[in-house]
Amino acid sequence: MGNSILLVDDEDSFLDLISIVLERAGYRVTTASCCDSAVEAVRKCRPDLILLDVNMPCLDGFDLCEMLQGDHVPILFISGLPYREQSDRVAYSGAVGYIEKPVRPEVLLARVKDVLVPAGSSS
């Protein structure tokens, strides 16, 4: 299997659906439905990428992103909030990008690939 991705979202149906999409594309997926389990999973699984929801019940995704900065794992936000309302926070968060929900599988996979296989690298 390919790269490891941590998917963090508080909606179980979203976790299930996106996990299937990513696994079928050859990625190893770990899920977390709250901030505490996300932090634990980052330290335990050492993912190559984190896909992170902005609206979480404990901390928002931006706060969690800040907490994880020292782990040097790229973070791609996935949120139902319009990007235009979050653009300043995204720019200052250190995240590598933002995808609006609903997520089209082909868009998600293209963005994930862009992050995991930087331009100029051989794949």
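User: What do the buried residues of H1 pack against?
Analyst: In this predicted model, they pack against strands S1 (4-8), S2 (28-32), S3 (49-53) and S4 (75-79), and against helix H5 (105-116). Buried means under 20% relative accessible area, exposed over 50%, and partly exposed in between, with a 1.4 Å probe and protein chains only. Helices (H or I, at least four residues) and strands (E, at least two) are DSSP runs, numbered from the N terminus.

User: Which residues of H1 are buried?
Analyst: Phe14, Leu15, Ile18, Ser19, Val21 and Leu22. They lie on the same side of H1, because they cover an arc of only 165 degrees around the axis. That arc is taken from the directions from the helix axis to the C-beta atoms.

User: Why would residues three or four places apart point the same way?
Analyst: Because an α-helix has 3.6 residues a turn.

User: And which ones are exposed on the other side of H1?
Analyst: Asp12, Ser13, Asp16, Leu17 and Arg24.

User: What span should H1 have, and what does it have?
Analyst: H1 has 13 residues (12-24) and should span 18 Å at 1.5 Å a residue; its end C-alpha atoms are 18 Å apart, so the two agree. The expected span is 1.5 Å times one less than the number of residues.

User: What comes just after H1?
Analyst: Gly26, which takes a positive phi of about 100 degrees.

User: New topic. How do S1 and S2 run, and how many bridges join them?
Analyst: They run parallel, joined by five bridges. The chain goes from S1 through H1 to S2, and this β-α-β crossover is right-handed: with the strands pointing away from the viewer, the path from the first strand over the helix to the second runs clockwise. In S2, Ala32 stands opposite Val8.

User: How many helices and strands does the protein chain have?
Analyst: Five helices and five strands, in the order β-α-β-α-β-α-β-α-β-α from the N terminus. Of the 123 residues, 44% count as buried.

User: Anything on the numbering and cut-offs?
Analyst: Residues are numbered from 1 along each chain as its sequence is written. Local features need pLDDT of at least 70 and side-chain atom pairs 80 or more, while totals for chains, interfaces and linings use all residues; side-chain values use heavy atoms, leaving out hydrogens and water.

Terms used. Contact means heavy atoms within 4.5 Å. Two strands pair if DSSP finds at least two bridges between them.
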